[in-house]
Amino acid sequence: MKEVKFVHASDIHVGGFAGRALRVKEEETLTTFVNRCIDEKVDFVVLAGDTFDSNIPPIREAIMFSKQMRKLKEAGIRVYAVYGSHDYSPTRDSLIELLEADGVLTVINNEVQDPSGVWLNGVHGLVGAKEVYRFGEPELAAKHKPSIFVFHTAVYEANMTPKELSVPITNLPPGYTYYAAGHLHKRIELRSMEGSPINYPGPLFLGWSKADLENYFRGSDTGFYIVELEGDGNPRFEYVSLRGIRGGLVEVSAEGRSAAEVSGDVERKTSELIGSLPSGSVVLIKISGRLSTGTRAEVSIGLEKLRRKHAEYEFEINDRQLSDPEEVEVERGEQFEERAITKLAAEFPVKVEPSFIQQLIHTLGEEQPEGMTKADYEEALRSKCAQLLRHKLGNRVFE
Ligand SMILES: [Mn+2]
């Protein structure tokens, strides 16, 4: 077999950031990415999930992405994708399906052979990592070589997720030449039991969260892999870094300080930072801790003033861990859910056992099976819940 070259990217999260500067940058990054794929004359591109930030992203962003994929198609480059936890839809109500119908990419549902001769198979990432149970399926083992396994799940050995939300390397389907992984927003390179690469490229662009943006400003990798397969040998790969967002991070602790002090500190640090940044740069402001006096709202007003004063910059705010002085501690820790349910059950006008509420929550959480219409699914859910309630509370509640 002749040498095959492909690109492995993941977690593009198209539409993940709404600010104008970041949207422009997203398009620039994708253009650079697509041009590089074309220049390198790769045979195909593999996207390991979370291509879009949601199943139905903003249409403007989706059109931009679709045009980029079309450029690849016109250059004779095939694109293969699995779903990630962000763009998956149990009913296939995802714009990925539209791109597939349009012929610019192929969703990997079963093993598929690329015209280069390489085989691909994979597992979609689901919400809450529910796909972890699929990895033991014997039919997922590689039947051909060379072959690529594409998945959107954390491996336990990456040390970034709890056991129940990840798959141990020993449980990955055996026999593949290359494991194209996604989901972890960090570049990680591991090896399978047989020595094949298991690579996480991290986000191609930024990811979607304020934490992703913070990691970016702290220097975390964003980019993709170019992989070369030749005969039965181990694949060679090279990481291509894609950076270029101008901006920086302003971090302020609110712990034990007044809202006025915090606002003053944010203003001073922001002015210091933007003194060295061209207009159009992105400034991430992170404020965390419990205020001694004043409120979060006061801090927000200060931020709004700052935004208006420096309108030529784009601000992203992360104040999720900023709290008011008198705010009640949110319950945390072991068996939090059980404790909350027990408390709730005690407040019900009729006697209900906590286990019953859990059963009900579980039933309501059942996913819509493939091939079932939304209406049928809702009807099935309603009837299951009604059955449960009738059994527990008697018919009177439905009269
Ligand atoms: Mn992701």
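In α7, E338, I341, T342, L344 and A345 meet P354, I357 and Q358 of α8 (contact: C-beta atoms, placed from the backbone, within 7 Å). Keep in mind that this is a predicted model, where local features need pLDDT of at least 70, side-chain atom pairs count only at pLDDT 80 or more, and totals for chains, interfaces and linings use all residues. Residue numbers start from 1 along each chain as its sequence is written.

**Helix pair**
- Sorted by class, the contact of α7 with α8 has 5 nonpolar, 2 polar and 1 charged residues (nonpolar: Ala, Val, Leu, Ile, Met, Phe, Trp, Tyr, Cys and Pro; charged: Asp, Glu, Lys and Arg; polar: the others, Gly among them).
- Helix α7 covers residues 336-346 and α8 covers 354-364; they pack at about 115°, axes 9 Å apart (axes are lines fitted to C-alpha atoms over the stretch in contact, with angles from 0 to 180 degrees between N-to-C directions).
- So α7 is roughly perpendicular to α8 (that label takes 65 to 115 degrees).
- Helices here are DSSP runs of H or I with at least four residues, and strands are E runs of at least two, numbered from the N terminus.

**Strand β12 and its partners**
- β12 (residues 197-200) is covered on both faces: P197 and N199 are buried on one side, I198 and Y200 on the other (buried: 20 or more other C-beta atoms within 10 Å of the residue's own, all placed from the backbone).
- β11 (residues 188-191) runs antiparallel to β12 with 4 bridges, and E189 sits opposite N199.
- β11 and β12 make a hairpin with 5 residues between them, where G195 in the turn has a positive phi of about 90°.

Key:
Angles under 35 degrees count as roughly parallel, over 145 as roughly antiparallel, 65 to 115 as roughly perpendicular and the rest as oblique. Two residues are in contact if their C-beta atoms, placed from the backbone, lie within 7 Å. A residue is buried if 20 or more other C-beta atoms lie within 10 Å of its own, exposed if 12 or fewer, and partly exposed in between; C-beta atoms are placed from the backbone. Two strands pair if DSSP finds at least two bridges between them.
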